[in-house]
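Open the model in your viewer and keep the selection panel at hand. This tour goes stop by stop: what to select, then what is there.

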Amino acid sequence: MTDTRALPPLPEQPVPAQGYAGDISPHLAWQWAQSGQAVLVDVRTDAEREWVGAVPGAVPVAWKQWPGMALNERFDDQLRAAVPPGGQVLLLCRSGVRSIAAARRATELGLRAYSILEGFEGDADEHGQRGCKGGWRLRGLPWKQG
C-alpha cells in the first residue's frame, strides 16, 4: 500500500478554471459524490475502465472511444441522461486531461462541471508508467477491477 502522505497535497476546495466550474481533488470529488451533491462520471474508454479499474457508482460516459480515440458521438445524450438539468458533475479521466475537455462541453450543456485533478492514474513517471505520481487509485479512494 502506498503511503499517501508522500504525495503532494491537493487543494481542499475547487479551483476555478477557464470554461468550466473548476478543478477538484479526488477526495473532495468522492465526498460530493457520496453525499449526492454531484454525479461522478468516468469519461475514460470502456477498455480503460475494464482493464485498469473503475470507481464504484461512477457513471460511464466515454469522452472518446477506443480504438482510434474518436469523440463519442453520444456523449451529450449520455451525459444528459446521467446528470439532472442544471446539476453538478464531476468528470474523471486517466490523468485529468480529457476530463477538462469533457467539463467544458458539460458546461456548454448547462451543467456545473468539475474536472478531477490527477485523474484515475495520475501523470506518467520518468519511465512512462502511471499510477506512481498521484491519481484516484494512488490516493487510496475506492475502486475495483474487472
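Is Arg 105 buried, exposed or partly exposed? Arg 105 is partly exposed, at a relative accessible area of 25%. The classes are these: buried is under 20% relative accessible area, exposed is over 50%, and partly exposed lies in between, with a 1.4 Å probe and protein chains only.

Before moving on, some ground rules. This is a predicted model, in which local features need pLDDT of at least 70 and side-chain atom pairs count only at pLDDT 80 or more, while totals for chains, interfaces and linings use all residues. Residues are numbered from 1 along each chain as its sequence is written, and side-chain values use heavy atoms, with hydrogens and water left out. Helices (DSSP runs of H or I, at least four residues) and strands (runs of E, at least two) are numbered from the N terminus.

**Stop 1: salt bridges**

The term means a side-chain nitrogen of Lys or Arg within 4 Å of a carboxyl oxygen of Asp or Glu. Arg 105 and Glu 108 are about one helical turn apart, because they sit 3 residues apart in helix 4. Glu 108 counts as exposed, at 58% relative accessibility.

The structure holds 7 salt bridges. Select Arg 98 and Glu 48 for another. Their side chains meet at 2.8 Å, N to O. This pair links distant parts of the chain: Arg 98 belongs to helix 4 (residues 98-108) and Glu 48 to helix 2, 50 residues apart. Arg 98 counts as buried at 14% relative accessibility. Glu 48 is buried too, at 13%.

Compare Arg 80 and Asp 77. Their closest N and O atoms are 3.8 Å apart. Both lie in helix 3, 3 residues apart, about one turn of the helix. Arg 80 is partly exposed at 48%, and Asp 77 is exposed at 55%.

**Stop 2: Phe 75**

Select Phe 75, in helix 3 (residues 75-82). It is buried, with a relative accessible area of 1%. Show its contacts (heavy atoms within 4.5 Å). Beyond neighbours within four places in sequence, Phe 75 touches Val 43, Val 61, Ala 62, Trp 63, Ala 102 and Arg 105.

**Stop 3**

Go to Thr 45, in the loop between strand 3 (39-42) and helix 2 (46-52). Thr 45 is buried, at 2% relative accessible area. Not counting residues up to four places away in sequence, its contacts are Ala 62, Lys 64, Gln 65, Trp 66, Met 69 and Arg 98.

Next, Trp 66. Its place is the loop between strand 5 (64-65) and strand 6 (70-71). Trp 66 is partly exposed, at 49%.

**Stop 4**

Switch to cartoon. An open sheet of 6 strands runs in the order 1-2-8-7-3-4, with mixed pairing. Strands pair if DSSP finds at least two bridges between them. The edge strands, strand 1 (15-17) and strand 4 (59-60), each pair on one side only.

Select strand 7. It joins strand 8 in parallel through 4 bridges, and it also pairs with strand 3 in the parallel sense over 4 bridges. Val 89 stands opposite Ala 113 in strand 8. Asp 42 stands opposite Leu 92 in strand 7. Both faces of strand 7 are covered: Gln 88, Leu 90 and Leu 92 are buried on one side, Val 89 and Leu 91 on the other.

**Stop 5: the cores**

Which residues touch the most other members of the largest nonpolar core? Of its 19 residues, they are Ile 24, Leu 40, Val 55, Leu 90, Ile 116 and Trp 136. A nonpolar core is a set of buried Ala, Val, Leu, Ile, Met, Phe, Trp, Tyr and Cys residues joined through side-chain atoms within 4.5 Å. Helix 1 gives the most to this core, with 5 residues. Apart from this core lies another of 17 residues, among them Val 41, Val 83, Ala 103 and Leu 111.

Finish on helix 1. Its buried residues are Pro 26, Leu 28, Ala 29, Trp 30, Trp 32 and Ala 33. Their cover includes strand 2, strand 3, strand 7 and strand 8. Just after helix 1, Gly 36 takes a positive phi of about 85°.
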